[in-house]
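Please find below my notes on the model you sent. They are set out as numbered points, to be read alongside the structure.

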Amino acid sequence: MKKTIFVLTLIILVSTASLELKAQSYLSVGGFLGGGYISGNFPSQGSFTSSIFVEANTNKAFGFDTRLSFLYAANIDLLFPRNSINYYLFVKGFSIKGIVRQPISTIFFVEEGIGPFALNDRTFSYINSWDYGIVFSILAGTNFGNSQGKFRLGAGVEYGLTFTSTDVGYSSFHVQIQYIL
């Protein structure tokens with residue numbers, strides 16, 4: 001039942017946002033790389049995190065931009081060769097966040113985001129479950145070019161927490177780049 005409600009909520013949000021895509025002032029793509037932790041019903045594990053996203057300006061409809069993201073976080077040991085670990089825990093998932101951006105000056109800004117997400121828990125070799133929860137993010141960055149900028153570069157933090165099934169979560173400290181189309 002919870003999965004059905006989550007899927008229906010996502011469909012409504014995406015379809016409502018797509019109505020505004022014709023009137024948008026920009027569409028952008030981006031991603032981030034960083035480190036953090038994966039946590040759950042086990043001691044927190046150091047991880048590397050990565051994400052790619054598409055963002056649409058839905059400010060006219062909702063008062064915030066809408067960002068659809070894919071996240072992948074895996075045990076940091078995966079990056080080191082000659083490790084004897086046979087299974088590297090990881091999580092992957094999708095989120096849809098509302099992004100609010102406040103300018104600090106003509107080139108610097110702060111952005112915050114919040115929204116629902118679905119996370120595929122693969123922390124143990126015998127676990128393969130989808131959990132649902134909420135994700136928060138904050139970032140400080142700069143625009144390159146004019147005040148709108150073609151590129152945005154920033155450093156941020158993201159935290160995701162699930163409320164169903166295995167209660168897995170992650171945190172990420174990352175560098176993000178965004179290109180405005």
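1. Strands here are DSSP runs of E with at least two residues, numbered from the N terminus. The model is a predicted one. On that numbering, strand 7 covers 151-162 and strand 8 covers 169-180, and Ser165 sits in the loop between them.

2. Is Ser165 buried or exposed? Its relative accessibility is 54%, and exposed means over 50%, so Ser165 counts as exposed. Ser165 still has partners from elsewhere in the chain: with neighbours within four places in sequence set aside, it is in contact with Ser129, Trp130 and Asp131. Ser129 is 36 residues away along the chain, yet the C-alpha atoms of Ser165 and Ser129 are separated by 7.4 Å.

3. Next, the strand pairing. Strand 5 (residues 108-122) and strand 6 (residues 129-144) run antiparallel and are joined by 14 bridges. These two strands form a hairpin, with 6 residues between them. Within the pairing, Ala118 is opposite Tyr132 of strand 6. Strand 6 also pairs with strand 7, again in the antiparallel sense, over 12 bridges; here Leu139 faces Gly156 of strand 7.

4. How many salt bridges does the model contain? The count is 6. One of them joins Arg67 to Glu111, with the closest N and O atoms 3.2 Å apart. Arg67 belongs to strand 3 (residues 65-75) and Glu111 to strand 5, so this pair ties together parts that are 44 residues apart in sequence. Arg67 and Glu111 are both buried.

5. Glu111 has a salt bridge with Arg101 as well, at 2.9 Å between the closest N and O atoms. This pair links strand 5, which holds Glu111, with strand 4, which holds Arg101, the two residues being 10 apart. Both Glu111 and Arg101 are buried.

6. Glu158 and Lys97 make another salt bridge, their closest N and O atoms being 2.6 Å apart. Glu158 is in strand 7 and Lys97 in strand 4 (residues 90-103), so the pair links parts of the chain 61 residues apart. Both residues, Glu158 and Lys97, are buried.

7. Arg152, in strand 7, deserves a separate look. Arg152 is buried yet has no salt bridge. Which side chain of opposite charge is nearest to Arg152? It is Glu55, at 4.3 Å, whereas a salt bridge requires the nitrogen and carboxyl oxygen to be within 4 Å. The side chain of Arg152 does make a polar contact with the side chain of Asn143, at 3.1 Å. Not counting residues up to four places away in sequence, the residues that Arg152 touches include Glu55, Arg101, Asn143 and Gln178.

8. Last, the nonpolar interior. In soluble globular proteins, nonpolar side chains tend to be buried together. The largest nonpolar core in this model has 12 residues, among them Phe32, Phe42, Leu71, Ala73, Phe117, Val135 and Tyr170. Strand 1 (27-40), strand 3 and strand 5 each supply at least two residues of this core. Ala73, a member of the core, touches Ile38, Ser47, Phe48, Thr49, Phe90 and Val91, residues up to four places away in sequence not being counted.

Note on methods: Residues numbered from 1 in each chain as written. Predicted model: local features only at pLDDT ≥ 70, side-chain atom pairs only at ≥ 80, totals over all residues. Heavy atoms only, no water. Helix = DSSP H or I, 4+ residues; strand = E, 2+ residues; numbered from the N terminus. Buried < 20%, exposed > 50% of the residue type's maximum accessible area, 1.4 Å probe, protein only. Contact = heavy atoms within 4.5 Å. Pairing = 2+ DSSP bridges. Core = buried A, V, L, I, M, F, W, Y, C linked by side-chain atoms within 4.5 Å. Lys, Arg positive; Asp, Glu negative; His and termini not counted. Polar contact = N/O pair within 3.5 Å; in protein donor to acceptor, adjacent residues only side chain to side chain.
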